[in-house]
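Student: I'd like to go through the charged side-chain pairs in this one. Can you take me through them?

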Amino acid sequence: MAFIPQNDFERSLMTASTDASHRPQFYRDLMQAEFFVIQEGEPPAQTAMRVAQEGQSIRVRSIDWNGMSYIPVFSSLDRLESALTGPAGYIAMRAVEFIKITKGANLLLNPGADYAKEL
């Protein structure tokens with residue numbers, strides 16, 4: 001399936017993949033972007049966003065890729081849904097906040113998509 005950008009962040013990702021001079025802008029755009037992240041646990045009857053309350057812990061799905069463990073993150077809800085094989089809960093969070101709370105974790109942006117990136 002063709003990668004049709006759903007937002008400015010995805011357009012920036014596409015541009016940065018072929019234009020090295022755009023990469024600093026991509027990282028600035030990353031800090032303003034929103035991530036969509038699959039939650040672990042009992043899946044809902046259909047794919048649905050869950051709202052985490054302050055102080056609540058969340059469990060997110062991880063995947064193995066090239067012998068390492070990664071947290072898959074997605075640049076849009078369309079990207080997340082295309083990676084699912086069934087219903088799942090997910091959270092949406094500002095990328096910069098997610099990066100802060102997962103400090104030191106390996107993140108994989110849009111695994112399986114034409115435009116993916118290790119973070």
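**Salt bridges and their surroundings**

Tutor: Let's start with Arg79, which is buried at a relative accessible area of 8% (buried means under 20%, exposed over 50%, partly exposed in between, with a 1.4 Å probe and protein chains only). Keep in mind that this is a predicted model, where local features need pLDDT of at least 70, side-chain atom pairs count only at pLDDT 80 or more, and totals for chains, interfaces and linings use all residues. Residues are numbered from 1 along each chain as its sequence is written, and side-chain values use heavy atoms, leaving out hydrogens and water.

Student: Which residue meets Arg79 in a salt bridge?

Tutor: A salt bridge here is a side-chain nitrogen of Lys or Arg within 4 Å of a carboxyl oxygen of Asp or Glu. For Arg79, the N to O distance is 2.8 Å, and the partner is Glu10.

Student: How many residues apart in sequence are the parts that this pair ties together?

Tutor: Arg79 sits in helix 3 (residues 77–83) and Glu10 in helix 1; helices are DSSP runs of H or I, at least four residues, numbered from the N terminus. So the pair links parts whose separation in sequence is 69 residues.

Student: Is Glu10 buried or exposed?

Tutor: Its relative accessible area is 0%. That makes Glu10 buried.

Student: What about Asp8: which residue does its side chain meet in a salt bridge?

Tutor: Asp8 is exposed at 58%. The N to O distance is 2.9 Å, and the partner is Arg11.

Key: Helices (H or I, at least four residues) and strands (E, at least two) are DSSP runs, numbered from the N terminus.
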